Amino acid sequence: MPPNPSPPEIAVIGGGPAGLITAEVLGRAGLKVTVYDQMPSVGRKLLMAGRGGLNLTHSEEFERFVTRYAGAQSRLRPLIEAFRPEDLRAWCEGLGQETFVGSSGRVFPKAFKASPLLRAWLSRLESLGVRFALRHRWQGWGEGGRLVFTDAAGQPVRVKPDATILALGGASWPRLGSDGTWAELLSRRGIAISPLRPANMGFTFPWSEIMRSRFEGEPLKRIALTFEGTTVKGEAVVTADAIEGGVVYALSARLRDAIERTGGATLHLDLRPDLSEANLANRLNAPRKGQSASTFLRKSAGLSPVGVALLREASPSLPSEPDALARLIKAVPLTLTGTKSLDRAISSAGGVPFTEVDEHLMLHRMPGVFVAGEMLDWEAPTGGYLLQATFATGIAAAKGVLASLQIPDAALTGGLSSATGQT
Ligand SMILES: Cc1cc2nc3c(=O)[nH]c(=O)nc-3n(C[C@H](O)[C@H](O)[C@H](O)COP(=O)(O)OP(=O)(O)OC[C@H]3O[C@@H](n4cnc5c(N)ncnc54)[C@H](O)[C@@H]3O)c2cc1C
């Protein structure tokens, strides 16, 4: 009998969720998979994401969901259709981590954090025979197209797999491993890279000394922000030199682009989105009875001390006339002067443009090399959209590897339960 041919060897570079899901799909298909990562352990950003509650995906209607990917929507749509939000939830539950839908429609594991999920996932990968080469920093390609790594001892390691998946992440929070240095390695091979820029980050504002010293770290609850005709409700927080938080992140792509174009962006902050301007003016018409302006605004308009301080930032001499004051409370202008750095952004925009990859996410210029996750050029607001696209692109790249190696896998059609062979 002829000996069994040994299975194809696959190098997955990057052990974030994109790399790990490709490893799972390929491991299930019987391939010999090694995950390389420069850090001493994998999934560090996933663990960080779980700190404030791991927002896996979102429960909103699919047609609305895909609009969140803005310019990348047309390329991501078929990939997310093949691995939908409900598939991601089912996959998570298959690892023993029940999920729930929060009040805003966001989906979380019941455990809220990422560590139980990651633990169960790694043990599944181990049982599939996936190997891990940690403290291996990828350095590009060497002679004969071999992948070159440096190991923990600084020694070069060269490998020639049958296919490679690059899942190196974006460039935010570089201390967690995703440092974006791959951009230079790919540029050297003639691959166009869209500049890596912060996404879902704070914006700088020159707060007065009073604001900084008294209100740094104060939350602005139940506010609404409007920029270029789009209004988003939620929460923000005042930091030493910036305004941050979910409601700011939701508008961050547009604000960032406007700042890049013109050097500033003026947004309008509604401190009482639940009250109409007329209702507010009515309340502000009440007699002041000798109260200070701050006390009066707190009592009649229900503003928090930080809200009152914010009004003074925009208009140091507050209007005395109720209609004008109500107008200001409903639309406090803040001219943002810059973006916070990529280092502390939730995610990054830019990366490998979709024009550089085919529908299987294989690089046109480098057959056999596939790209997945945040290193592709797409961006989305927070709300679970980042992880959903990370997983969907990982699964698409893994399917692409199987197709390129002509490995038939009937189980790899359709949704998640078949895509990952979940039982
Ligand atoms: C604070 C925070 C909170 C977040 N919360 C959420 C959330 O609730 N919901 C959500 O959807 N998203 C969230 N995200 C975003 C989400 O974590 C990322 O989009 C996701 O981790 C991207 O996955 P990835 O696999 O593409 O890349 P990463 O998770 O960044 O993984 C890339 C891996 O590649 C490795 N690597 C990089 N360069 C090299 C190299 N040269 N050699 C070897 N290895 C290398 C890195 O060490 C890393 O392990 C959050 C992010 C942050 C920072």
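A polar contact is a pair of N or O atoms within 3.5 Å; within protein, one must be able to donate a hydrogen and the other to accept it, and residues adjacent in sequence count only if both atoms are side-chain atoms. In this predicted model, local features need pLDDT of at least 70, side-chain atom pairs count only at pLDDT 80 or more, and totals for chains, interfaces and linings use all residues. Residues are numbered from 1 along each chain as its sequence is written, and side-chain values use heavy atoms, with hydrogens and water left out.

- A polar side-chain atom of Glu374 lies 2.6 Å from an oxygen atom of the ligand.
- The side chain of Ser178 places an N or O atom 2.6 Å from a ligand oxygen atom.
- Leu387 contributes through its backbone, with an N or O atom 2.8 Å from an oxygen atom of the ligand.
- The protein buries 95% of the 1000 Å² that the ligand exposes when taken alone (Shrake-Rupley method, 1.4 Å probe).

**Shell around the ligand**
- The ligand is surrounded by 31 residues (a heavy atom within 4 Å), and the closest are Asp37, Asn55, Ser178, Glu374 and Leu387.
- At least two shell residues come from each of helix 1 (17–28), helix 2 (44–49), strand 7 (137–141) and helix 15 (385–404); helices (H or I, at least four residues) and strands (E, at least two) are DSSP runs, numbered from the N terminus.

**Helix 15**
- Gln406, which follows helix 15, has a positive phi near 55°.
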